[in-house]
Structure formats: structure tokens, C-alpha cells
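Good morning, everyone. Please look at the screen while I talk. I'll go through helix pairs, sheets and a couple of residues.

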Amino acid sequence: MKVGIVYTSTTPELIEDVNREVKAQLGEEVEIYAQQDPSILADVRAAGYVTAPPAARLVTMFMNAVSEGCEAILNVCSSVGEVADAAQDMARYTGVPIVRIDEEMCREAVRKGLRVGVMATLKTTLEPTCGTVKRVAREAGKHVEIVECLVDGAFGLNQEEFRARMAECAGTIADQVDVIVFAQGSMAYCEEYIANMYGKIVLSSPRFGAAALKKALEAKGCL
């Protein structure tokens with residue numbers, strides 16, 4: 001079985017985490033067809049939102065995965081999650097589900113508490129993730145309070161520096177929230193560290209995205 005994984009900008013830690021979680025859900029024998037286009041996130045950061053050209057390049061990667069025989073696709077970048085939403089009609093037509101890495105994580109956050117902290121290093125990721133939390137809360141018949149935390153200056157730091165910056169920023173919101181959501185999958189390696197430091201539920205997306213990918217494949221009859 002082959003699955004597609006679509007990245008925009010990525011890190012070695014993110015690729016390692018996503019591959020590990022996907023194989024844990026689907027088995028070591030699963031074939032992964034990975035694509036990445038860093039120019040997509042660069043363009044989104046420059047414009048402050050997702051414009052038509054990067055959206056088109058993302059959809060092209062989705063269709064490449066379909067052409068390569070993938071049974072399902074995992075969209076890893078939360079900044080362009082709404083593009084994945086917009087592509088759902090095509091996904092249904094082709095029979096190749098497009099799964100957002102962050103949606104089930106956001107649903108779990110709403111299940112765990114009514115005060116949700118959302119952490120991101122980029123405003124272009126922070127806003128869409130907050131929007132997803134609000135949407136899934138509405139769908140669940142709940143009203144949540146969202147506390148935004150922009151981890152300014154953390155993008156591009158090494159692991160040690162990044163972990164320290166995450167801890168510093170998490171400390172500014174920990175006493176205001178029930179659960180903390182990491183908007184970017186590349187933050188996942190800090191999950192346990194921050195949870196232990198502040199005694200809070202902390203959620204990162206790779207494990208939730210991989211579980212949602214498995215669920216989509218089961219619904220399709222591939223598993």
C-alpha cells in the first residue's frame with residue numbers, strides 16, 4: 001500500500017516524526033511517497049495568507065500523489081489546511097482521501113478542555129489552526145476560549161534553542177489554559193517536555209494525523 005505525504009517547508013525532526021507515526025499506524029511495509037515544496041510556505045509568509053499560486057502548487061502535489069497510485073494523502077502543513085479542505089470534492093471524485101494532519105488534534109483539544117492554547121512560530125499557521133479549533137468546537141456544540149501564543153523568533157532555531165524558546169512562551173499561557181495545541185508538526189518533539197514542565201495536556205499533530213490517515217484508509221476498505 002502506498003500513501004502520499006505532502007509537506008511545504010519541513011525539518012528532519014518533522015519528517016522523522018511523521019514517518020514514525022504513519023508506520024506505527026499502517027505498518028513498516030507501507031510505501032511512502034513524499035513531496036515537499038518550501039516555496040509554498042515562503043509565499044504564504046510573504047503575503048500573510050494563502051494566495052492562488054501556492055494553493056495551485058499544493059493541489060498539484062495532491063494530484064501527483066493520485067497519479068503515483070497513492071491510496072490516501074496526508075497534508076502536513078497547517079498553514080495551507082484550508083486548501084486541503086477546498087480539495088475535498090476532488091478527493092471524493094478520485095477516491096483518494098486528503099487528510100489534514102491537524103484536524104483530529106483540534107477535535108481532541110476541544111474534547112479535553114474549554115480553554116485552548118494554540119502555539120505557533122508563524123502567524124500564518126496560528127490563525128488557520130485557531131480557526132480549525134473554533135470550527136470543530138462549533139461542530140461539537142461547544143464554545144471554547146482560545147489563547148494565542150506566537151513563538152516569535154523560533155522559526156529556524158536548532159533543537160536546543162527551539163525547545164528553550166517554546167518553554168519560555170508556553171509559560172506565558174500555561175495558567176490560562178486547559179490544553180495546549182502545537183499548530184506545527186515540527187514542534188512535536190517538544191510535546192512531552194512542555195507537558196511535564198507545566199503539568200498541562202499538550203497535543204501535537206503527527207500522531208493524530210497518522211491515526212486519521214489510517215481511519216480514512218479503513219473507510220475506503222484498504223485496511
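How are H6 and H7 placed relative to each other: roughly parallel, roughly antiparallel, roughly perpendicular or oblique? H6 and H7 are oblique to each other. Here is the scale: angles under 35 degrees count as roughly parallel, over 145 as roughly antiparallel, 65 to 115 as roughly perpendicular, and the rest as oblique.

Before the details, some ground rules. This is a predicted model, where local features need pLDDT of at least 70, side-chain atom pairs count only at pLDDT 80 or more, and totals for chains, interfaces and linings use all residues. Residues are numbered from 1 along each chain as its sequence is written, and side-chain values use heavy atoms, with hydrogens and water left out.

Next, the names. Helices (H or I, at least four residues) and strands (E, at least two) are DSSP runs, numbered from the N terminus.

Back to our pair. Two packed helices are described by the angle between their axes and the distance between the axes. Helix H6 covers residues 103–112, and helix H7 covers residues 123–139. Their axes are 9 Å apart, at an angle of about 60°. An axis is a line fitted to C-alpha atoms, for helices over the stretch in contact, and angles run from 0 to 180 degrees between N-to-C directions. The H6 and H7 crossing is right-handed. Left-handed means the near helix is turned anticlockwise from the far one by less than a right angle; right-handed means clockwise.

Who touches whom? Contact means heavy atoms within 4.5 Å. H6 brings Glu 103, Cys 106, Arg 107 and Val 110. H7 answers with Thr 129, Thr 132, Val 133, Arg 135, Val 136, Ala 137 and Glu 139. By class, that contact has five nonpolar, two polar and four charged residues. Ala, Val, Leu, Ile, Met, Phe, Trp, Tyr, Cys and Pro count as nonpolar; Asp, Glu, Lys and Arg count as charged; the others, Gly among them, count as polar.

Now a second pair, H8 and H9. Helix H8 spans residues 159–170, and helix H9 spans 191–198. Their axes come within 10 Å and cross at roughly 40°. That makes H8 oblique to H9. The crossing is right-handed. On the H8 side, Arg 163, Met 166, Ala 167 and Ala 170 make the contact. On the H9 side, Tyr 193, Ile 194, Met 197 and Tyr 198 do. The tally for H8 with H9 is seven nonpolar, no polar and one charged.

Helix H2, residues 38–47, packs on H3 at about 155°, with the axes 9 Å apart. That makes H2 roughly antiparallel to H3. The H2 and H3 crossing is left-handed. Ser 39, Ile 40, Asp 43 and Val 44 of H2 meet Pro 54, Arg 57, Leu 58 and Met 61 of H3. These residues divide into five nonpolar, one polar and two charged.

Stay with Pro 54 for a moment. Pro 54 is in helix H3, residues 52–67. Is Pro 54 buried or exposed? Buried, because its relative accessibility is 1%. The scale: buried is under 20% relative accessible area, exposed is over 50%, and partly exposed is in between (1.4 Å probe, protein chains only).

On to the sheets. Strands pair if DSSP finds at least two bridges between them. Strand S3 (residues 72–75) and S4 share three bridges. Asn 75 has Arg 100 in S4 as its bridge partner.

Gly 4 lies in strand S1. At 0% relative accessibility, Gly 4 is buried. Among the residues Gly 4 touches are Tyr 33, Ala 65 and Ile 73.

The other open sheet I'll show also has four strands, ordered S6-S5-S7-S8, with parallel pairing. Its edge strands are strand S6 (145–150) and strand S8 (201–203). The twist averages 20° from one strand to the next. Six bridges join strand S5 (residues 115–120) to S6. In this region, Val 116 stands opposite Ile 146 in S6.

Methods:
Lists of a residue's contacts leave out its neighbours within four places in sequence.
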